[in-house]
Amino acid sequence: MRVNVLGKVLLCAVLSVGLPVAAAESSGDYGTNLSRIYFAHQRLLALREACDQALPAQAKAGEKAYAAWQARHKALLNELDARLTLMIRGASKDEKEYMRNVGKYEGSILEYRTENRDQILAQPRDGIEQVCADFRNYLTGSGSDFHKDYADELRELRKRKLPK
């Protein structure tokens with residue numbers, strides 16, 4: 001899907017919440033790397049939502065597959081959330097602005113996920129059935145390892161240590 005757009009979406013979100021342009025440019029690699037992984041997860045959520053909506057009889061199987069994937073990636077998902085939170089905090093001058101910025105980010109992220117879900121749902125029924133079967137197989141297969149898929153991005157992100 002639109003991988004190049006992902007970095008731009010998060011960068012636009014960063015800029016829209018008031019992060020100075022110079023800071024955004026200097027952290028562009030960080031923001032781009034974070035957005036690649038973060039939005040990859042959002043695409044998985046969009047797929048899950050679309051499959052649940054289009055094929056409710058298979059929702060339980062999708063839920064089980066996603067829960068297994070999520071359990072394997074729990075620490076990574078928590079890390080991504082922490083990094084996003086720190087990025088938003090860094091772009092905010094006080095708690096009030098932070099809360100406003102969180103709303104802006106969440107709105108942008110939800111819009112992205114909704115657009116992805118709607119694109120999937122716009123496919124013919126047999127296309128959706130195949131996409132959903134592939135999705136469940138992906139989640140339960142050995143190829144669904146974000147640690148491997150995004151190793152380069154994670155290496156760059158982790159150059160910035162998270163506070164303990």
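**A disulfide and a helix pair in a predicted model**

Mentor: C132 is buried, with a relative accessible area of 0%. This is a predicted model, in which local features need pLDDT of at least 70 and side-chain atom pairs pLDDT 80 or more. Residues are numbered from 1 along each chain, and side-chain values use heavy atoms, without hydrogens and water.

Trainee: What makes the link of C51 to C132 a disulfide?

Mentor: The S to S distance is 2.0 Å, and a disulfide is a pair of cysteine sulfur atoms within 2.5 Å. A search of the whole structure finds one disulfide.

Trainee: Which parts does the pair tie together?

Mentor: C51 lies in helix α3 (residues 28–54) and C132 in helix α7, so the joined parts are 81 residues apart in sequence. Helices are DSSP runs (H or I, at least four residues), numbered from the N terminus.

Trainee: Why is α4 called roughly parallel to α7?

Mentor: Helix α4 (residues 59–72) and helix α7 (residues 125–140) pack at an angle of about 30°. Angles under 35 degrees count as roughly parallel (over 145 roughly antiparallel, 65 to 115 roughly perpendicular, the rest oblique), so α4 is roughly parallel to α7.

Trainee: Which residues of α7 make the contact?

Mentor: R136, L139 and T140 of α7 meet A61, G62, A65, Y66, W69 and R72 of α4, where contact means heavy atoms within 4.5 Å.

Terms used. Axes fitted to C-alpha atoms, helices over the stretch in contact; angles between N-to-C directions. Helix = DSSP H or I, 4+ residues; strand = E, 2+ residues; numbered from the N terminus. Buried < 20%, exposed > 50% of the residue type's maximum accessible area, 1.4 Å probe, protein only.
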